[in-house]
Amino acid sequence: MHNAVASWFLGPQGESKERLKDLFEKIVESTAAGRLAYHEEDGAFVSTDMMQSQQFSKESQRLEHLLKNFTDLLNKYSVPFFSQRYAGHMCFETSLPAILGYLSTIMTNPNNVAFEASPFTTIVEITVGQQLCEMLGYSCKRDESAWGHITCDGSVANTESMWVARNLKFYPLSLRLAMEKDKLLGSAAAGLKVPTCENPEKPVLFTSLNAWQLLNLRTNVILDLSTLLNTQCGISPEYSEQAMKKYLVQEMGKDALMAEFTATFKTETLKQPQYLISATRHYSWPKAAALTGIGAMNLVSIPVDVHARLKIDVLRKQLQQRFDDNVPVYAVVAVIGTTEEGAVDPLDEVLKLKDEFQAKGMSFVVHADAAWGGYFASMIREPPQKPPVGHLPVELPDPHRGPIDPVPEFSMRKHTESQFRALAHTDSITIDPHKSGYIPYPAGGLCYKDGRMRQLVTWSAPYLSMGSETESIGVFGVEGSKPGAAAAAVFLHHQMVGLHKRGHGALLGEVMWTSSRMSAHWATLSDESTEFTVIPFNEVDANQMRIIRDKIVGKDNATVLKDEEACKALRELGSDLNINAFGCNFRVGGITNSDVEEANILGSCIYKALSIADEPRDVKEVPMFLSSSTFKMDEYGECAEGLKKRMGLETASGHDVFVLRNVAMSPFQSSGGFVEEIARIFRVEVEKLLPPFIKRNTIKALQHNFVVQGTAETGKTIHLVYLPNFYDANCRYQLILSVDVLEVKPGAQIPPDERMTGIPTMCSIEDTTIKDIVSGQKLRAVVTKSSTSHRGDVILGNVRVVKNRSLSSAHRDLAYPEYIHSYLYGTPEEPYMDHAIVRAPNWQLTATKPVELDLEKPLTVEQLKEGVIVKFVTVPERAYQPLGEAAFRKMFRVGEFWDVEVYKDPNPATAHRSGLLDMSKAVLITKGKLASTQWPWVWEGLNAAREPWVKGKLIERPRTLTELLHVLPPVNELPESTARRGGAMPVAGKMPMGRIEHTTTNSHSQLFGRSRQETWADVISRVASM
């Protein structure tokens, strides 16, 4: 079978290029022959003389040159989906039949919006739609005909399905309103009878139904209404459409229709219907809700279990709640192949719930979002005994394609197969040929179990085209113009490969085998001896791990295939389909890192090293490709929490977790043991990235730097405000100390330096740890005014902690505080202030001079010694964050008083937890006003070197005072266009920011001696200049 599969592609190394060149030539010859055959007697319009002219030759050479330049750039910067080294997104090279179908059709460029513009490709698209319906389990018999069509993508298909569900839900209300407003229709249709949702066997008068019953008629009953008006009441379809038109939701809008119905029939206000959908939904669903007027707030997410599958028990509770509260439900959406995890929702259980609630009197559409997984239905379909349904007499090749060979196929797991068989009972299905169908973009698709559903979104009379083989597809759905080439590509692939077990199903069976083999490597890539860990999203138990190590890893396909135990274990590995998600972490001294943010940053660095998303890179520089995702706690819940636990990460903080993904789409990856090579490459790349993570998370003695508040003279008490860093375990503290200056060494006077007024007095404590600093022992320190030439050694003692707050991700808040809060401390004569930091990224705002207070009740010596919390009640931090220059100009104007509330700190000075600024239970001490007497020292260095690897280069944050001063030049040496750094504001309108660049700017590159690298803007310029 693998030989047949190989024949459908160009090959990772272009192995079939000669065959494809020959086929391309046949397309050109056929196109030219077709043009010549259309009234050859008209003669040639491009003569031999014209083609031999200098101008024609020059333009031909120019086209050739342009094509070469373009394809050179295309090959340099395009992602190599064709390669066995690509394991990122749901992409692989498109099949040869699909390529040929697209190219041959684009030569005539048919527009499938109207039959007259695309007679042949419209028939092709209708045929393709029927092929998809049958593969998915729908019937295409005349009396129960399903219908499908090609869209540009799954997002548009999902939007169309929501549009249909909305119109379907409100159609009975529109009819009832039309019967009330249009006396002719009302009189003629007075005897109309329909079955109710809860009692489908006993029809009742349509006019006897209340609003709830009208909103919950079954789908088939709603679709029958037009026919019933004709058969029961004799009303022509033309008249019913004319009478109803202005009352349709399409015309009135949802809210106006509901309001009009309520006013006309004196009912209670109707409640907004809702969508219920798995939390792993595609991002297109909120977009569709916005576009259809349903609103994303009415898109209710149903939590998922540890396998990332929709939780049926929660869905049942949500449906029951809506039934009890008279909230209609448009639809329930099950995802058949999530794009992040490859999970398949329990569709069979969803359908049982539909039956259960219809019996109670609540009806809704069941839609399957199988954009990714839809084509896997081919794995459960038998080869046809005769050519498949369709209008075109294209003969299929022999469906038996030879014996199984060293790239085996997998069948589905029982759970997964059950869900694919359940597709036949859904109302509509999204399926994307350009995903697991190996078709060129754009080619999405939407299929309806009852083809009449498409009439709900048409703007032409349904009866004009019902059942016509020459209908214009463009009247249905969202799109207008669309390429007939897409339908042609899908058709040729279907005809050549076949939508069954020995065709497309065999291809997907091979990639599922490859996916499971890759999953075995992810499970065993790390062990107790490695400094990194790889944890598969789909959990592997101890017995499976034993089998993987003993019988799978390191063994070729043929060997594994002969071992029944190995095959059984392999089949249970990985996701429901062919996506492997996994988390990465690291160890320091044999202890697994528990910081979620650090693990996430490592994962992000791995992703950037194995992709070209962050910067333009020649694809040859990327040894393999992976993709990534983030499991958000509000969407993944216990699913994400379970993964974090297995990764060794803390779960209390509620942080999201970053994961890497490998998607198996290539049938060649497991050939020749190449999965082993992918695992080896990954390990090498991870080991390259690890050292800075281990280094910055290893607690060790180093230099710690502080801003000095007060005068460093013998006998004085000063305050030291620590310069922290979020991304170094040694420095993840907001630390404010009160210390006594015991001794200033002789000759260590720190003279004023007017030239350096932008830099505050700094204090450095050498070769120690924060733990030792706060222990209370005497400290030898260096106090520096502006540069290493103006420094003095001092002895500090009587160290008292004012605030010692952890800045690790586990102890930070998930949201910025509503208003700016600062710690206020010192003495009544010299009160100082430092911005309270509870979330990253952030800025340290330190008052290097005493602030001015005008409070209703003065603060006591003891309160300031302990440190209180000041809330700036008119400065909304959440609105300003992430802080920038405009925010600083708004927030801090020297001498301006701000309204404040002063609270007793409800937490101990050394509290290490989140929620430190929750003032709901804090004691309000006083109110009043506060003014800054000097621009605060603004320090962005706490954000520095978040990702230690930037564009493949190692970036470390400045650690010593010398390094800090190197990146903080004197104020008067800064270019006029640069924001001022530190100290008083020397020029109006310029902000003083003690800033270390932590992004990949040119200044950053210059500071660390790096040459400028090419950007995407450079590539854009090269394209524009062709």
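1. Lysine 435 sits in the loop that runs between E8 and strand E9 (444-448), where helices (H or I, at least four residues) and strands (E, at least two) are DSSP runs numbered from the N terminus. The UniProt annotation "modified residue: N6-(pyridoxal phosphate)lysine", taken from an unreviewed entry, covers Lys435; UniProt positions are given in the numbering used here, feature names are shortened, and such annotations may be inferred rather than shown by experiment. Lysine 435 counts as buried because its relative accessibility is 15%, the cut-offs being under 20% relative accessible area for buried, over 50% for exposed and partly exposed in between, with a 1.4 Å probe and protein chains only.

2. A note on the basis of these remarks. The model is predicted, so local features need pLDDT of at least 70 and side-chain atom pairs count only at pLDDT 80 or more, while totals for chains, interfaces and linings use all residues. Residues are numbered from 1 along each chain as its sequence is written, and side-chain values use heavy atoms, with hydrogens and water left out.

3. The loop that holds lysine 435 also contains proline 442, and the peptide bond joining tyrosine 441 to proline 442 is cis, with omega at about -5 degrees. A cis peptide bond also joins glutamine 881 and proline 882, with omega at about -10 degrees; proline 882 belongs to the loop between helix H30 (877-880) and helix H31 (885-891).

4. Alanine 368 is set opposite isoleucine 429 in E8.

5. Helix H7 (residues 154-181) has 28 residues and reaches 39 Å from its first C-alpha to its last, close to the 40 Å expected at 1.5 Å a residue; the expected span is 1.5 Å times one less than the number of residues. Despite that span, H7 bends by about 40 degrees at phenylalanine 170, with proline 172 following within four residues, the bend being the angle between axes fitted to the seven residues ending at a residue and the seven starting there. The helix is mostly covered, with 26 of its 28 residues buried.

6. Strand E11 (residues 579-588) is mostly covered, with 10 of its 10 residues buried. Both of its faces are covered, the residues on one side including Ile579 and Arg587 and those on the other including Asn580 and Val588. E11 pairs in the antiparallel sense with strand E10 (residues 532-536) over 5 bridges, phenylalanine 532 having phenylalanine 586 of E11 as its bridge partner. With strand E14 (residues 657-663), E11 pairs in the antiparallel sense over 4 bridges, and asparagine 580 stands opposite asparagine 662 in E14. Strand E12 (residues 591-592) is also an antiparallel partner of E11, over 2 bridges, with valine 588 opposite isoleucine 591. E11 and E12 form a hairpin with 2 residues between them, and glycine 589 in the turn has a positive phi of about 60 degrees.

7. Lysine 266 has a positive phi near 55 degrees and lies in the loop between helix H13 (254-265) and strand E4 (274-278); because its relative accessibility is 70%, lysine 266 counts as exposed. Alanine 945 likewise has a positive phi near 55 degrees, in the loop between strand E28 (937-939) and strand E29 (949-950), but at 10% relative accessibility alanine 945 counts as buried.

Methods: Pairing = 2+ DSSP bridges.
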